[in-house]
Amino acid sequence: MQHSRGAPGQPRTVAYLYLAPALLVFGCFMAWPLLRAVWLSLFEWDGLSVGTWVGLGNYVDVLTDPQLRAPFVHSLVLVVFFSALPIVAGMVLAGLMSRARLRGSGFFRTVIFLPQVVAMVVVAIAWRDIYAPEGSINDALSAVGLDGLARAWLGEPSFALMAVGLVGTWVGTGLCMVLFLAGLAKVPRELYESATLDGAGPLRQFLAVGLPALRGELAVAMTLTLVAALRTFDLVYVMTDGGPGRSTRVPSYEVYRWSLEEGKVGYGVTIALLLTAAILLLTIGINRVAEGDRR
Amino acid sequence: MTSTAERAASYLVLGLAAVLALYPMLLILVTALSPDQVGASGGLHVENFGTAWEQGNFGTYVKNSVLVSAAVVLLSAALASLAGYAFGTMQFRGSSVLFYLLLLGLMVPSEAVVIPLYYDLKSLNLTDSYFSLVFPQVAQSLAFGTFWMRAYFRSASREVVEAARVDGAGHGRIFWSILLPMGRPALMTMVLLVFMWTWNEFLLPLVMITDESLRTAPLGLSNFQGQYTSGTALLAAGAVLVALPVVVVFLFTQRHFIRGMVEGAVKG
């Protein structure tokens, strides 16, 4: 019997029988609605009456109208907080933990990862309290005599988006740390030891030995956190409702608002598809670069 | 190889990170145990959980979440195992095309499908039902699940399968009596992740459900907080009830959880 790698047995038509239930559900509730989304994006439709064909008009509007485009700009701000900061923080924490072989590292890993499993709605409610005018942050500021800096963090357009972003940092750091820990665990200890003998300090050791080993994990961390940043919805819906003003409107929130509150389904669906395209391009792009580097 | 000073500094940084990670959660827990009414006596007010469960309707919300999560987990595990078995152990025309189609589902965000689904299901009178919560989430979990189970079936010992085949076992028995029992760890990891995603899902119930008696835990919590402007003890107690099941499951099975999130993502 000849076997190709990974597939024992002869070609089997029974395979389709095993696949059928999954493909049926996937087709009806994923593939079909996605095609419907593309179709709906070509119409101006209020969700009730008959829609009007507008071709690519919705796409032109979303990409050119500053008000429609603003949520995508807000996403870029969130990327800094959801992606860049957790990756840096996660790397520092993973570096510390894997280097010193600390006691209790299991405890730290569990606790720092914990925010990742708490429902976002709960996270949002907790942080709303922290950012409230009478909340922990203002308490802490006045405790050190900085009352002047205290403010309603979610009530001011210039701070609300960053305040939401910082929650993303809080959620994402543990995930990045765990990914990097897994990557660092694969580095042979002798490499560190020889770096020590060469007289490299902790930071130089990490940059020379640890970081190069983390290429793959870095790509994964970037992909996951970027997608999380672009898809932020629960936090905004619960913490700010897009406000104050329009300052925290982000794409996912706009999908919901245009489609179900404003009666402009075409805009909502178009934003959803552009978001999907951005996620696909980023995911594929990051993985291409990571794999290219590995070769 | 590391000095005492360096260890102390490491502990300091890690300790600070741990405190920051825990603080918001402890704040909610402390608020949940504080008096609900101004002027009530001090001490721990454990009865807030009972009040939230009964009067805050969190009992209903949690029940809905349990039902929906159980259905999504069972269906996803069954369908993903069957599909993963086919992809992992059989040759057939179109296998790679179908596999890449499923992989696409791993990247498509639910935002893109939830709006068309809402209008389609509404025209079929299927919104405001468990159906509208279960099947879209099964579809969303299938991409990861199939991918994950395929990896397991591919890695499963070839000798065991060949030996069983020589003994006359068909593809059904090899799947059900041999490979699936051996794959319990892989299946377990997938079940835990799908449970967490389903329990915490917010956008889909928000769009699909208007009937209060069908709200899931996160949706019920969000509506509850919309009725009160500031953080009350009952809101916090509700938040604890919503978060607790996943947190407890995570604490007992964290090796599975973390393995799934790390390996699943790396393979993806």
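Predicted model: local features only at pLDDT ≥ 70, side-chain atom pairs only at ≥ 80, totals over all residues.
Asp241(A) turns up in the loop that links helix 11 and helix 12 of chain A.

Chain B is helical throughout its assigned elements, with 12 helices and zero strands. Reading along the sequence of chain B gives the pattern α-α-α-α-α-α-α-α-α-α-α-α. As for its dimensions, the C-alpha trace of chain B spans about 75 × 70 × 30 Å along its principal axes.

Now to the interface. Between the two chains, 89 residues of chain A are in contact with 90 residues of chain B. The area buried between chain A and chain B comes to about 8500 Å², and carbon and sulfur atoms give 74% of that. Helix 1 (residues 14-40) of chain A supplies the largest share of the side of chain A that touches chain B, namely 18 residues. Sorted by class, the residues on that side of chain A come out as 64 nonpolar, 13 polar and 12 charged.

Two helix pairs show how the chains pack. Helix 1 of chain A and helix 5 (residues 110-123) of chain B meet at an angle of about 90°, their axes being 8 Å apart. Helix 1 of chain A is therefore roughly perpendicular to helix 5 of chain B. From helix 1 of chain A, the residues involved are Phe29(A), Met30(A), Trp32(A), Pro33(A), Leu34(A), Arg36(A), Ala37(A) and Leu40(A), and they meet Ala112(B), Val113(B), Pro116(B), Leu117(B) and Asp120(B) in helix 5 of chain B. The contact of helix 1 of chain A with helix 5 of chain B has 11 nonpolar residues, no polar ones and two charged.

The other pair brings together helix 5 (residues 120-131) of chain A and helix 11 (residues 217-227) of chain B, whose axes come within 9 Å and cross at roughly 25°. That angle is why helix 5 of chain A counts as roughly parallel to helix 11 of chain B. Val121(A), Val122(A), Ile125(A) and Arg128(A) are the residues that helix 5 of chain A brings to the contact, where they meet Pro218(B), Leu221(B), Ser222(B) and Gln225(B) of helix 11 of chain B. By class, the contact of helix 5 of chain A with helix 11 of chain B has five nonpolar, two polar and one charged residues.

Definitions and conventions:
Residues numbered from 1 in each chain as written. Chains lettered and ligands numbered in written order. Heavy atoms only, no water. Axes fitted to C-alpha atoms, helices over the stretch in contact; angles between N-to-C directions. Helix = DSSP H or I, 4+ residues; strand = E, 2+ residues; numbered from the N terminus. Parallel < 35°, antiparallel > 145°, perpendicular 65-115°, else oblique. Contact = heavy atoms within 4.5 Å. Nonpolar A, V, L, I, M, F, W, Y, C, P; charged D, E, K, R; others polar. Buried area = accessible area lost by both parts, 1.4 Å probe.
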